[in-house]
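Me: I'm new to this structure and would like a close look at a single part of it. Could you pick one loop, walk me through it, and then show me how the rest of the picture fits around it?

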There are 2 protein chains.
Amino acid sequence: MIGPEDIRAAARVLDGVAHRTPVITSRTLGDGVVLKPENLQRGGAFKFRGAYNKISSLPRGARVVAFSSGNHAQAVALASSLLGAQATILMPEDAPESKVAATRGYGAEVITYDRYTGDREAIAARLAEELSAEIVPPYDDPLIAAGQGTAALELLEDAGAVDTLVVPVGGGGLIAGCATIAKELGVRRVVGVEPEAGDDWQQSLAAGEIVSIDVPRTIADGLQTHAPGVVTWEVGSRLVDEIVTVTDEQIVDAMRFAFERLKLVIEPSGAVGLAAVREGIVPREGRIGIVISGGNVGAARFAELIA
Amino acid sequence: MIGPEDIRAAARVLDGVAHRTPVITSRTLGDGVVLKPENLQRGGAFKFRGAYNKISSLPRGARVVAFSSGNHAQAVALASSLLGAQATILMPEDAPESKVAATRGYGAEVITYDRYTGDREAIAARLAEELSAEIVPPYDDPLIAAGQGTAALELLEDAGAVDTLVVPVGGGGLIAGCATIAKELGVRRVVGVEPEAGDDWQQSLAAGEIVSIDVPRTIADGLQTHAPGVVTWEVGSRLVDEIVTVTDEQIVDAMRFAFERLKLVIEPSGAVGLAAVREGIVPREGRIGIVISGGNVGAARFAELIA
């Protein structure tokens, strides 16, 4: 459903709008490892790429609706404000005040719901109908996935060839886009990383079909999905070579390492790829590229996690 | 004592060796502000630039001696290992174990002394004589200052013209190098930032001559100098337009902002420029470039500071 040309088209849309995040190396990690720190992306995560690519396909002044408690909310709000779209974001009423404030700060209207009793997809659908708005899904959409893939395109353009590309996996938008362009550009292995508690993609790959799990308990709040998406599974099941998992403790170790050695703030979800490589769960063979997906973690929460 | 051509020569020496750190902008800070994050430099601080530039001027296999409890130690150790020099670093015996380990990790020999009874300059001089080694001073040296100036050269090449350049000031190596190239490239104002408790440069500029103060108590441990250097004063007194100061509290606020909004780990000394701009101590006129000098702060210490 998406091909390399879609990633290249998204790259043209994002040119001069998204940050071209740098490629980072570290002597401590080893010469063979290159990082793409999307925590330095606008909005603090790769999510801006997909949201902007999607919303730019809509007429100017369009209304959009999104549901998210995290990075997607801020990405849709920011992309909308840049593109003159009117965004309404549905957030759980117990979402961190900082995230609600950041989303409002980008000019979006925030509507809250009770995450324990409300069905966010149903509420969003009703809202979209009432407002004649388009829903911007967090991952299960060709334009979203294509936008996310530009992170891998830039990594490969700026760092040169890699043998293995390591990508965090939640719903699969990032890995679907990244795998599409990576395989086209000669990357041998695309490895997805999930939190151990939320191995829906690993189980799905093993079963050869979409497997749904209970919403996992993990500190990687951006990866708390219960099943691959339809679009992302279509791509991922063909192009992803392996899914590995990491524990919350390994994630925290990687966050501490990133803080102290790389001087980068990485949120738990963003650190899973780094954790998998540091722990040897992804073997050190050939040249390895790692996508660091985001950095939206508060200083107080970080202090609590690394304590 | 140093001119723009020295900075350009240092840039050629460092090409392909030092990281060309990116230029970073933030919507929250405003369009007119560009950051040069030298916390992403090798060794975690701009210090690598000067140390490498200096040591590369020595014969291969040379012995070098440096005294430092902080970023300069790691920079000299790393540059020495890359250049085949043999480094001996004099560190206070109560230096953080992590810094001692990092310095040894780069292959340097570490000798400790009692910071309350020992005179580190005398010990270093004796050591240098015994070892027939060259002392690599932390700032008061033309090649060191010229190396540090490459940070401003890169900023201006990559970000385009700025009206004001804001630079942390300890001994003055960074600002001497940066001011030399910045004034050549049309920067109108070069502003140095010191911790309030350690305003030796501010007092010196006001007096028109080097003023020495007691070693200041501040969390900005990299800026605890008691007087400008001779080389750095010669340059700084001519080319620095103003010195401003920030409090430790303003520094911590800037560190928290960098963590949460920029996703960057900045050590206290590295955050003084950002603090001065955020607080309006450096007025928001025209385009402002800020050098973020380093990020060597442990996760536990960071947690303590922002608590």
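**A close look at one loop**

Reply: Let's start with B:Asp221, which sits in the loop of chain B between helix 8 (200-207) and helix 9 (230-239). Please keep in mind that this is a predicted model.

What does B:Asp221 touch, leaving aside its neighbours within four places in sequence? The residues in contact with B:Asp221 are B:Lys99, B:Glu267 and B:Ser269. Now look back along the chain to B:Leu205, which is 16 residues away from B:Asp221 in sequence. Between the C-alpha atoms of B:Asp221 and B:Leu205 there are 22 Å.

B:Ser57 is found in the loop that runs between helix 2 (47-55) and strand 2 (63-67) of chain B. With a relative accessible area of 44%, B:Ser57 is partly exposed. From B:Ser57 to B:Glu93 there are 36 residues along the sequence, and their C-alpha atoms are 30 Å apart in space.

B:Lys263 belongs to the loop between helix 10 (248-262) and helix 11 (272-278) of chain B. Its phi is near 65°, a positive value in a residue other than glycine. Why is that worth a second look? Most residues other than glycine have a negative phi. Is B:Lys263 buried or exposed? B:Lys263 is buried, because its relative accessibility of 4% is under the 20% limit.

You can find the counterpart in chain A by going to A:Lys263. That residue is placed in the loop between helix 10 (248-262) and helix 11 (272-278) of chain A. The phi of A:Lys263 is near 65°, again positive in a residue that is not glycine. A:Lys263 has a relative accessible area of 4%, so it is buried.

For a contrast with the loops, turn to a strand. A:Thr88 is part of strand 3 (residues 86-92) in chain A. Its relative accessible area is 1%, which means that A:Thr88 is buried. Setting aside neighbours within four places in sequence, A:Thr88 has contacts that include A:Arg63, A:Val64, A:Val65 and A:Ala66. Also among its contacts are A:Glu109, A:Ile111, A:Leu127 and A:Leu131. A:Gly107 lies 19 residues from A:Thr88 along the chain, and 9.4 Å separate their C-alpha atoms.

A:Cys178 has 0% relative accessibility and so counts as buried. B:Cys178 is likewise buried, because its relative accessibility is 0%.

Finally, step back to see chain A as a whole. Chain A contains 12 helices and nine strands, and its C-alpha trace spans about 55 × 45 × 40 Å along the principal axes. A compact globule of 307 residues would have a radius of gyration near 19 Å, and the 18 Å of chain A agrees with that. Of the 307 residues in chain A, 61% are buried. Take the contacts in chain A between residues at least 6 apart in sequence: 70% of them join residues at least 24 apart.

Terms used. Residues numbered from 1 in each chain as written. Chains lettered and ligands numbered in written order. Predicted model: local features only at pLDDT ≥ 70, side-chain atom pairs only at ≥ 80, totals over all residues. Heavy atoms only, no water. Helix = DSSP H or I, 4+ residues; strand = E, 2+ residues; numbered from the N terminus. Rg over C-alpha atoms; globule rule 2.2 N^0.38 Å. Buried < 20%, exposed > 50% of the residue type's maximum accessible area, 1.4 Å probe, protein only. Contact = heavy atoms within 4.5 Å.
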